[in-house]
Amino acid sequence: MTELPELSGKVALVTGASRGIGYGVAEALVARGDRVCITGRNEDALKEAVEALGAERVIGVAGKAHDLDHQTQAVERTMEAFGRLDHLVNNAGTNPVFGPMADLDLNVARKVFETNVISALGFAQKTWHAWQKDNGGAIVNIASVAGLAPSPFIGAYGVSKAAMINLTQQLAHEFAPRVRVNAIAPAVIKTKFAQALYEGREEEAAAAYPLARLGVPSDIGGAAAFLTSEQSDWITGQTLVVDGGIFLNAGVG
């Protein structure tokens, strides 16, 4: 069994972390000694993730990110288990539709915003009142490069991520100086969530990136670990683009 790192004394809550980017973030935080609460919709998948990350230092709270009772329970369980809540990583998200905005079902649009934006605000409010208001900390919102430029056929997702980037700035301004709030905007990361964007043509998709590969969850985990560390103590309200260089091609053609 791998020896556990020395405890950092910090505690984090990572939403949507039973797999993919959220799991990669939780893994990076556990690796530096944080204790972590992870959330996810599927209780069985969440239990597997807790065991894989290390049940000695990780707890899981199952539920839907947009459910207010779930948000409350996740924060309360974290405080009960670990006595503090320094860092929040809002990763839970959805993208249930693929097609032009002109034909977008507005109820679907509402669902996208409820999960991707409103839930992030809800978790931030609850974390702020439970611990950060008096003790400080950091929040990291997982946005997307889709929020920085037009994103054909996933427009609702892109607009929600643009809102997430602005939410980051609003919270950074309001929560300063006690709490730093930043965002990460990944390009395509190899996860089940993004599978439709590269499945069956990964080599072709990766060729468009100057760094010649798609991202992996640990790429975002490392960025989140930095933005919740003392090394980023003078950074707030920013969006860190983690894109393998894909935006370098924006002016080509």
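Modeller: The account below goes from the sheet as a whole to a single residue within it. The model is predicted, so local features need pLDDT of at least 70 and side-chain atom pairs count only at pLDDT 80 or more, while totals for chains, interfaces and linings use all residues. Residues are numbered from 1 along each chain as its sequence is written, and side-chain values use heavy atoms, with hydrogens and water left out.

Seven strands form an open sheet in the order β3-β2-β1-β4-β5-β6-β7, with parallel pairing. Strands (E, at least two residues) and helices (H or I, at least four) are DSSP runs numbered from the N terminus, and two strands pair if DSSP finds at least two bridges between them. At the edges are β3 (58-62) and β7 (239-242), each pairing on one side only. On average, neighbouring strands are turned by 15° against each other, direction ignored.

Strand β2 (residues 35-40) runs parallel to β3 and is joined to it by five bridges; Cys-37 stands opposite Ile-59 in β3. Helix α3 (residues 68-82) packs on the sheet, touching β1, β2 and β3, and its direction makes about 160° with that of β3. Such angles run from 0 to 180 degrees between N-to-C directions, with axes fitted to C-alpha atoms, for helices over the stretch in contact (heavy atoms within 4.5 Å).

Strand β5 holds Asn-141. This residue, Asn-141, is buried, with a relative accessible area of 1%, where buried means under 20% (1.4 Å probe, protein chains only). Beyond its neighbours within four places in sequence, the contacts of Asn-141 include Asn-90, Met-164 and Val-181.

Terms used
Buried < 20%, exposed > 50% of the residue type's maximum accessible area, 1.4 Å probe, protein only.
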